Amino acid sequence: MTPQPSPSVNLPVNLVADLQDSLLMAMTDLKRLEGLLDHATGNLMERFSTANHALAHLAGNENDDLLNIRRSLHQAVTELQFHDMATQLIVHTGKVLQGCAWKLAEEAMEPEEDELPVCIDPTPDRPSPVTQNEMDAGSIELF
């Protein structure tokens, strides 16, 4: 029994190049988003730290209000785990887009005579590194 050839679709090279450009632009946007998240998270951590230090001056007055404020700050810092999850998703999606872009180029364009083959990172096996979809206590599942 002879193996069946893989199905293929012939696409114009300029269409493939445009699609590859779009995928690479999306990757650039994801990198910018990652930078914005990093910046916002850094600012939040700085503000939480400032608030915590300000509360330290009130430590002699340990009352329920102060304890509630400290507890809220602690919970807010814990919720910043969202940054880690979002960053994992951004990196994962970027790898998928890059894999698609290079695969398109590999399949659609003939290499030049003196051109070395491109080492393509395979697209990730798992659909997503983060299965988390809510921020309730105890609901974080990163693996």
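**Exercise 1. Which residues make up the largest nonpolar core, and which elements give two or more residues to this core?**

*Solution.* The model is predicted: local features need pLDDT of at least 70, side-chain atom pairs count only at pLDDT 80 or more, and totals for chains, interfaces and linings use all residues. Residues are numbered from 1 along each chain as its sequence is written, and side-chain values use heavy atoms, with hydrogens and water left out.

Step 1. Apply the definitions. A nonpolar core is a set of buried Ala, Val, Leu, Ile, Met, Phe, Trp, Tyr and Cys residues joined through side-chain atoms within 4.5 Å. Buried means under 20% relative accessible area, exposed over 50%, and partly exposed in between (1.4 Å probe, protein chains only).

Step 2. List the members. The eight residues are Leu-23, Met-27, Leu-30, Leu-37, Ala-86, Ile-90, Leu-97 and Ala-101.

Step 3. Assign the elements. Helices are DSSP runs (H or I, at least four residues) and strands are E runs of at least two, numbered from the N terminus. Two or more core residues come from each of α1 and α3.

Step 4. Separate the other core. Another core, of five residues, lies apart from the largest one and includes Leu-55, Leu-66, Leu-73 and Leu-80.

**Exercise 2. Describe helix α3 and what covers its buried residues.**

*Solution.* Step 1. Helix α3 spans residues 81-108, 28 residues in all. From first C-alpha to last it reaches 41 Å, close to the expected 40 Å; the expected span is 1.5 Å times one less than the number of residues.

Step 1. The buried residues of α3 include His-83, Met-85, Ile-90, Leu-97 and Ala-105.

Step 2. Helix α1 (13-56) is included in what covers them. With contact taken as heavy atoms within 4.5 Å, Leu-97 touches Leu-23, Ala-26, Met-27 and Leu-30, not counting residues up to four places away in sequence.

**Exercise 3. State the helix count and the buried share of the chain.**

*Solution.* Step 1. The chain has three helices and zero strands, in the pattern α-α-α.

Step 1. Of its 143 residues, 19% count as buried.
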